Amino acid sequence: MSKKQIFKIIIFIVAVMWLIPHITYCIRTPSDAKDRFVGFYAEKKNTIDAVIIGSSPVPYCIATPRIYGDMGITMYPLSTNMQRPVAAKYLVEEALKTQDPDLFIFEMKMWQAEDEQLINADKDKHMGHTREVTDNMKYSLNRIRAINAMVDEDYADDAEDSENDEDDAENAESDDDGKVNEDMKRINFYFDIFKYHSNWKTLVMWSQLRTFFYEYPDDLKGFTSSDEVGPAEKENCHNATDVVKMPAEQEEYLADLISCLNKHNKDALFIITPFTVSEEEQKKINYIRDYVTERGYNFLDMNQHLDEIGFDEATDYKDGGTHTNIVGADKVTVWFEDYLSENYVKTGKLGKHDRRHGRNYNSWKKSYDLWMEELSLGEDKIRERIANGDYWKSEVNDENEEAE
Amino acid sequence: MLYERFFMGITSFYFLCFFALVLIAYYTIPLLFKKRGQWVVLLFASIIFYLFSVNGNYVQIVFPLAASFTTWGLLKLLAGTEEKELLKRRLILVAELVVLLGILIVFKFYKFITGGGIKPPTGLSFYTFILLGYFIEVYNGIGVRRDSLLETTLIGVFFPLVVQGPIIKTREHSGQLFEYHKADFKNLTFGAQRMLWGFFKMLVISQRLRTVVDKIYAIDAEYTGAYIWLGTVCFAFELYTNFSGGIDIVIGLSEMLGIILPENFTTPFFAKNISEYWRRWHATLGIWMKDNVFYPLLRTKMIMGLGKTLKKVFGKKKGKQLTTYVAMFILWFSVGLWHGGEATFVIGSGLLHWAYIVLGEVTLPFFTWIFEKKMHINLQSKFANGFRVVRTFFFVCIGDLFFRSKSIPHALGLLKRSVSTFNPQIFVDGSLLNLGLSIYEWGVLLVSLAVLITVSTIQYRMELSRDGKITGSRFEGYSNLREYIASKKLVVRWIVYFALFFTVLLLAEYGPGFNPADSIYDDF
């Protein structure tokens, strides 16, 4: 083979290898989480002051455009649904690749749940929640490490064995079971095109094509607005004062996260955003509170400050006590701004530069304007819903009603 | 389990990784060992491949190894005999047949005989036929015996062939396994293109067709009329794209190793009669059967005796013809049995085709008289040839209907239901969307089939051009489509290659949410 021929082969392979990840980016399933991560990667280098890492309450609750407009602080959530705590460290590493934030904020709701419990819930969704983290990262070593930490193949093997046993016993078709098994294989995470190639139909959408480089600004800087109203149905047990140990594996992840923060010399704030907490959950949250404060970090349990926030559990939740609607988000954000101002801005830990000035932040200015628009529309809609008794209904309730 | 994590079907990701490593080792190791050692890489790779493609039944490796060792040992014994020691030589031949065919019969035809079943070792009939063919060639003095046990083992387990063929004539092709092959640009690129085309056929077309076919052919399904014809045509294409796609991959990857294998499929659906169809479909099986079953059978005392008797009763010409039909019956019965120990295979891919050929020959004078003399149709016209192609395809489809059915009653039920209703409206009223494919999937399938048919047409025209049957074709002078594409400018070439690559990557059915692509012929 001549040198020219070798060169041609190499160029062809390199071109294919370069295109594969970018096409994968385009066909990853469209979602709020995808927009959020793509938006994060699109932020100019070292322009984010604080990164919030946590599960789904975060983007509904912390109105980052408002914080920018009110305080000149750029804050961005790297949150995903039911985010497993094991992901936090890798998201910190991911954020630090392009940003040098003064503060990491960790939303801790999921940390009181056992990882196995979260995985089992995820298995029913073909590991969709885990994938929201790994499949929204750009290709990198850190992504591989995140997959290795989050996807346990032995767990998959156990599941396969038991499913195979059942198959043998019932001599049943294993289509659906097969899917779950395949869903839990690391190889399908490393090369997520194996999963998402069937999204080829979406390649006609501009919203997909624009993610070719996995960078496209998010209009509301990671915030997700909701104008639904779902009053909290359960009793909020935030007053529980006892302490119950958090799950051992989550404690290990927390220790690991703290050493990661120390390694990078980064400050952190650990928070609980408003939700209807059970007594058992609150006891574990108390443990987490003690754990992080003993290590010199602040812990903010917003459930303890619902009155100060002015939070109305009858009108400010979107879905029965888990996520806030836009009115709830506004109340929480305004109060949170005061907290940040008192504990971080005044002490010089955050907001060293007012980002409201300068061309680099035009997209943030637009996001603030959009937020104000969304808030105004959202407030009207929520008032209308309350007046009409148009409340959110859980799927479980729907099913029960149908059954009746 | 290790095998579950790294299972290597020929369309699996791990197989491609494995093959990439083999390719690197294959072309670099000889640089360290004075152009030697390539075949050792192949042997080593073949054993690893076999172990990872048997779904954890590692013990299955014993069978191809035992068959190879037996063949090697018996050939060694044979080499120690004199030409005149006929009895001894025949006994050795019988021993080879008993051991190799014995295992084949026990595993594959056990079901045919008893109705029960045991899963045969992967690639059983392929390596058995290759090794038997090799033995018989040496026995007949037309093949060269390999003195080395390991070399003989490589003939038996060479990884591209062991799963689904093609069934090589060792005297023509196995020599390449032991020669030194330098990395060659054309072999590497053309081989990769051929593999890609195989993936397109198997994963983009065949897998989608399978969804439709599985639905219509389900044992409890009650589809009628056009549904069954649609399902049957879909199955004909499913089987073709699955098997020939697998063979494309095998031939392509062998080409990348510098080893040129015989073609197994040459546009079979363009065949004008059943005999021609079998020269184009799974050709290496047909050749093997003719060489090792049909011709030896004609020389047996039993058939020769029968021939004499029949010639006496029916005259020389008809007697000879009838004798041939009897031998052909045994040949086609064997072909059917080879496909599996079930009556549906014996009929669908065996005896029905025998009947087609015999009836075709018997009725040829009558139909020629009708069409030419009475209806004044030019039997050499394009129309007549087109009709022959459609007719042959129709007959093949009927065979495939048996082949795909669960049982003979199931097949007969399908045939009965296929004419019980006249429902062509299903093609326009949206009914097809209930067969497991969305409108988009149907779109992909139809466009892909159009591409396949276009490529097949080009290949067929190239063949006609090579044979001098047509002139002035733009493809004249090219031995295959890849050569034609390679003659184009780089931009055009790369657009074609990239388009094919990303079509396969995006539109193929693989990964989570899809059934893994099995090769239908793996079990044969």
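## Cores, a helix pair and a sheet

In the largest nonpolar core, which counts 119 residues, the members touching the most others are B:I130, B:L131, B:F158 and B:V162. Keep in mind that this is a predicted model. Helix α11 of chain B, residues 226–256, gives the most to this core, with 15 residues. There's also a second, separate core of 85 residues, with A:C61, A:V86, A:M150 and A:V327 among its members.

Let's zoom in on B:L131. Setting aside neighbours within four places in sequence, B:L131 is in contact with B:A67, B:S68, B:T71, B:L100, B:I155 and B:G156.

B:L131 also turns up where two helices of chain B meet, α6 and α7. Their axes lie 8 Å apart, at an angle of about 135 degrees, which makes α6(B) oblique to α7(B). Here's who makes the contact:

| Helix | Residues in the contact |
|---|---|
| α6(B) | B:Y127, B:I130, B:L131, B:Y134 |
| α7(B) | B:I155, B:G156, B:V157 |

Sorted by type, the residues of this contact come out as 6 nonpolar, 1 polar and no charged.

Now over to chain A, where 5 strands build an open sheet with parallel pairing, in the order β2-β1-β3-β4-β5. At the edges stand β2 (75–79) and β5 (298–301) of chain A; each has a single partner strand, so one side of each is left without a neighbour in the sheet. From one strand to the next, the twist averages 20 degrees.

What joins β4 of chain A to β5(A)? The two run parallel, and 4 bridges link them, with β4 covering residues 267–272. A:F270 sits opposite A:F299 in β5(A).

Methods: Residues numbered from 1 in each chain as written. Chains lettered and ligands numbered in written order. Predicted model: local features only at pLDDT ≥ 70, side-chain atom pairs only at ≥ 80, totals over all residues. Core = buried A, V, L, I, M, F, W, Y, C linked by C-beta atoms within 7 Å. Buried ≥ 20, exposed ≤ 12 C-beta atoms within 10 Å, placed from the backbone. Contact = placed C-beta atoms within 7 Å. Pairing = 2+ DSSP bridges. Axes fitted to C-alpha atoms, helices over the stretch in contact; angles between N-to-C directions. Parallel < 35°, antiparallel > 145°, perpendicular 65-115°, else oblique. Nonpolar A, V, L, I, M, F, W, Y, C, P; charged D, E, K, R; others polar.
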